[in-house]
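Hi,

Here is the structure I promised to pass on. My notes follow below it, and I hope they are handy when you open the file.

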Amino acid sequence: MHVAYRDERERKHTLKYGEGCRKLYKNTGKKRGGLWWTYVLTLIFKIAVDGTFVYLIYHIYEGYDFPSLIKCEQKPCPNKVDCFISRPTEKRIFTIFMVVTSLACILLSFFEILYLVGKRCKECFTQMHQSRNAAIQSRQVAMATSLVIGGKNQMEPNSLKLPSKDASAPSYSQVSISR
């Protein structure tokens, strides 16, 4: 539903501003922002509904066992009457199947929430690490540039080594200044 909303919004934006306009979304189906929160809240709601079902079934039937005989005193019975439940074993089997299915859905939804939150945290930490590395590299380049532009070449040859994209973040000890 959310993806269809984004597609329609993208289509209206393109009609309004033309084909060469900037796109609103890089990928309308990617779980970002409102779509991510909607999906996570849907999973939490599903866990709550399934958990409520399991809880109510357990407390209504005092466990997951259907009795084959119930003493009935309610209308239209004039006095205590023996009421026999038809096929209690089948009802017990189907109820246990539904409860196990609900518990499996709760477990899978819980793991999916953990996966989504873990993936988002990993992306945040990776982005923070990359921005920190970029800031360190820009400071090193600025410091090297100021040393060269200052008129005196105070750097020794090959003393400043900029790392490749695959290397880890350089430390400040890689830049040596001799006086």
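**Notes on the model**

Y55 sits in helix α2, which covers residues 34-60; helices here are DSSP runs of H or I with at least four residues, strands are runs of E with at least two, and both are numbered from the N terminus. Please bear in mind that this is a predicted model, where local features need pLDDT of at least 70, side-chain atom pairs count only at pLDDT 80 or more, and totals for chains, interfaces and linings use all residues. Residues are numbered from 1 along each chain as its sequence is written, and side-chain values use heavy atoms, with hydrogens and water left out.

Helix α2 also holds I44. I44 is partly exposed, at a relative accessible area of 43% (buried is under 20%, exposed over 50%, partly exposed in between, with a 1.4 Å probe and protein chains only). I44 lies 65 residues from S109 in sequence, yet their C-alpha atoms are 7.7 Å apart in space.

Now for the chain as a whole. It has 3 helices and 2 strands, in the order α-α-β-β-α along the sequence. Of its 179 residues, 18% are buried. Taking contacts (heavy atoms within 4.5 Å) between residues at least 6 apart in sequence, 52% join residues at least 24 apart. The chain exposes about 14300 Å², with 62% of that supplied by carbon and sulfur atoms (areas are from the Shrake-Rupley method with a 1.4 Å probe; for residues, only the protein chains shown count as cover).

Happy to hear your thoughts!

Best wishes
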